[in-house]
Amino acid sequence: MEMEDKQFDAVVVGAGLAGLTCALELTEKGYKTLVLEANHVVGGRTSSWVENGMHVESGFHRVIGYYKQYPAVLAKAGVDVNKIVNWEERMDVRSPIKERIATFGIAPLHGPVKMLQGILGNNDILSFSDKLSLLPFFVKGFWDYLNHPEELDKVSIHEYAKKHGVHDDAYHILLFPLTAGLFFLPPERYSAYVFFGLCFPAVTRFYKMRIGAYLGGMTEMTTKPIADAIETKGGTVRTGVKVDRLLYQDGIVTGVAFKQEEIKAKQTVVATELGAAKRILKQSGINHEGLAKMMKLPTMPAVTIQMELDKPLIPYDRTTFGAGTALVSFAEQSRTTFKHVPGRLSVILGPSDRFLDMKPEQVLEITIEEARKIGLDIKPHLKDYRIVSHPEDFHSLEPGHDWMRPDQSTPIRGLTLAGDYTRQPYFATMEGAVISGQRAAQIVLQYLH
Ligand SMILES: Cc1cc2nc3c(=O)[nH]c(=O)nc-3n(C[C@H](O)[C@H](O)[C@H](O)COP(=O)(O)OP(=O)(O)OC[C@H]3O[C@@H](n4cnc5c(N)ncnc54)[C@H](O)[C@@H]3O)c2cc1C
């Protein structure tokens, strides 16, 4: 009888956006679905919680206007993306070399004047010929992205920019932010394929472009509502459950195991981050040729520092890039995500591997020093801080790795993968995670029908 209670149609390991999306699709179709999440809050890399008295988040995030499936999944959970973000039409680049702030419009339709001002202005930072040097680079880049993706993934964006004559200032002010600022890797280590792949939808869906800053914690605004929708439709979401291994015998996965418990399911979806997925497969004794390239796909970390201040450090909340500094991207958040404190800065540090094993005091010291180079004086205003790290959550976006990303379907019966590292066109983003979850659900549904 007990065994009967524990038999699910599907068990999903991990309640990040990928796992939650997959589970929502399955419960909507009436299948008995269980989600197991190791942390005490849902959301994974899009989450927020209280850490020793301070409100923190997995790292400051921006919703890109060109996302389609992410808003669609939120809508299914009753959340209108336009109500939970503050849409920004500009971004700032602060450079220690230029000692000035360059502001660029990023919303051709929603903020055309700001866009034009950005292109035609900033001339003391980027000359007209600097800006022009980007044109052949982007044209050829998009061509190669569409026609020679494998070749493009063999080179870094640094090599590609040099080869196509991008001027040094354009490289420093624009390419550094769009690589290091987005994925914590300097241009020398950033795949040209990933670069153009992420820029491409900004061209095809240019009329949608702008970036959204959350108006509250991500768990509360986004992932908890999806988890609630799963439960309302009859699914179950359990937090604080770390799955140790899959039930794997005779080439078939029949569920999951943790502590003393075993849960049986017709289909199992591993929707964890890459590092955990590799560990779970290994601990389950799964050693299949068809998964060999995924097992070799390297991970990469992310490190953030989040600070509470006695006043806002910047007069407005806006996405900012510290070109050529360790503060690869950051934002003041006291008027958007964390309104309950007088000042708050959330910073993504790069290159992340440099900071991963550093003592918190040292990370803080470097942050303060680097911030000073771009005109920000943190020290007199600092009240509290936390370091939030993700040691092996990302798949490597360095050249030569994209081909190793696995599909959601696997050669193992009963096992499907989801997660931003699995193959879909949006790389390691919220949109990518959601699409991977939708694709995983489609595969599972074929077996459950
Ligand atoms: C600092 C930072 C900034 C980012 N900025 C942006 C941005 O601006 N825009 C954007 O689109 N994307 C951004 N991202 C990327 C985005 O957050 C991720 O691509 C997306 O959230 C990944 O979702 P996922 O479901 O694939 O993985 P995850 O969110 O990592 O979910 C995996 C889940 O599995 C759980 N888990 C692991 N092991 C086990 C186990 N054994 N048992 C049970 N559960 C387990 C984990 O706890 C986690 O909750 C950022 C990420 C970070 C870290």
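Threonine 268 touches Val11, Leu246, Val253, Thr254, Gly255, Val256, Gly414, Leu415 and Thr416, leaving out residues up to four places away in sequence; contact means heavy atoms within 4.5 Å. The model is predicted, so local features need pLDDT of at least 70 and side-chain atom pairs count only at pLDDT 80 or more, while totals for chains, interfaces and linings use all residues. Residues are numbered from 1 along each chain as its sequence is written, and side-chain values use heavy atoms, with hydrogens and water left out.

**Threonine 268**

- Threonine 268 is found in strand E13 (residues 261-270); helices (H or I, at least four residues) and strands (E, at least two) are DSSP runs, numbered from the N terminus.
- With a relative accessible area of 0%, threonine 268 is buried (buried is under 20% relative accessible area, exposed over 50%, partly exposed in between; 1.4 Å probe, protein chains only).

**Nonpolar cores**

- The largest nonpolar core has 95 residues, of which Val63, Tyr70, Phe137, Phe183, Phe196 and Ile226 touch the most other members.
- A nonpolar core is a set of buried Ala, Val, Leu, Ile, Met, Phe, Trp, Tyr and Cys residues joined through side-chain atoms within 4.5 Å.
- Helix H17 (residues 430-448) gives the most to this core, nine residues.
- Apart from this core lies another, of 27 residues, including Ile263, Ala265, Val270 and Ile280.
- Beyond its neighbours within four places in sequence, isoleucine 226 is in contact with Leu17, Leu20, Leu24, Val73, Leu74 and Ala77.

**Ligand surroundings**

- Around the ligand stand 37 residues, and Glu37, His61, Arg62, Tyr67 and Asp420 come nearest; a residue is near a molecule if one of its heavy atoms lies within 4 Å of it.
- The shell around the ligand divides into 17 nonpolar, 14 polar and six charged residues.
- In that division Ala, Val, Leu, Ile, Met, Phe, Trp, Tyr, Cys and Pro count as nonpolar, Asp, Glu, Lys and Arg as charged, and the others, Gly among them, as polar.
- A backbone N or O atom of valine 243 is 2.9 Å from a nitrogen atom of the ligand.
- A backbone N or O atom of methionine 430 lies 2.8 Å from an oxygen atom of the ligand, and a polar backbone atom of alanine 428 is 3.4 Å from an oxygen atom of the ligand.
- The ligand taken alone exposes 1,000 Å², of which the protein buries 94% (Shrake-Rupley method, 1.4 Å probe).
- Elements that give two or more residues to the shell are helix H2 (17-28), strand E2 (33-37), helix H13 (274-283), strand E18 (382-395) and H17.

**Loop between H10 and H11**

- Arginine 189 lies in the loop between helix H10 (168-183) and helix H11 (192-204), and tyrosine 190 is in the loop between H10 and H11.
- Arginine 189 is partly exposed, at 25% relative accessibility, whereas tyrosine 190 is buried, at 0%.
- The side chains of arginine 189 and glutamate 398 form a polar contact of 3.1 Å.
- A polar contact is a pair of N or O atoms within 3.5 Å; within protein, one must be able to donate a hydrogen and the other to accept it, and residues adjacent in sequence count only if both atoms are side-chain atoms.
- Tyrosine 190 and isoleucine 157 are 33 residues apart in sequence and 5.9 Å apart in space, C-alpha to C-alpha.

**Glutamate 370**

- Glutamate 370 lies in helix H16 (residues 360-373) and is buried, with a relative accessible area of 10%.
- A polar contact of 2.5 Å joins its side chain to that of lysine 373.
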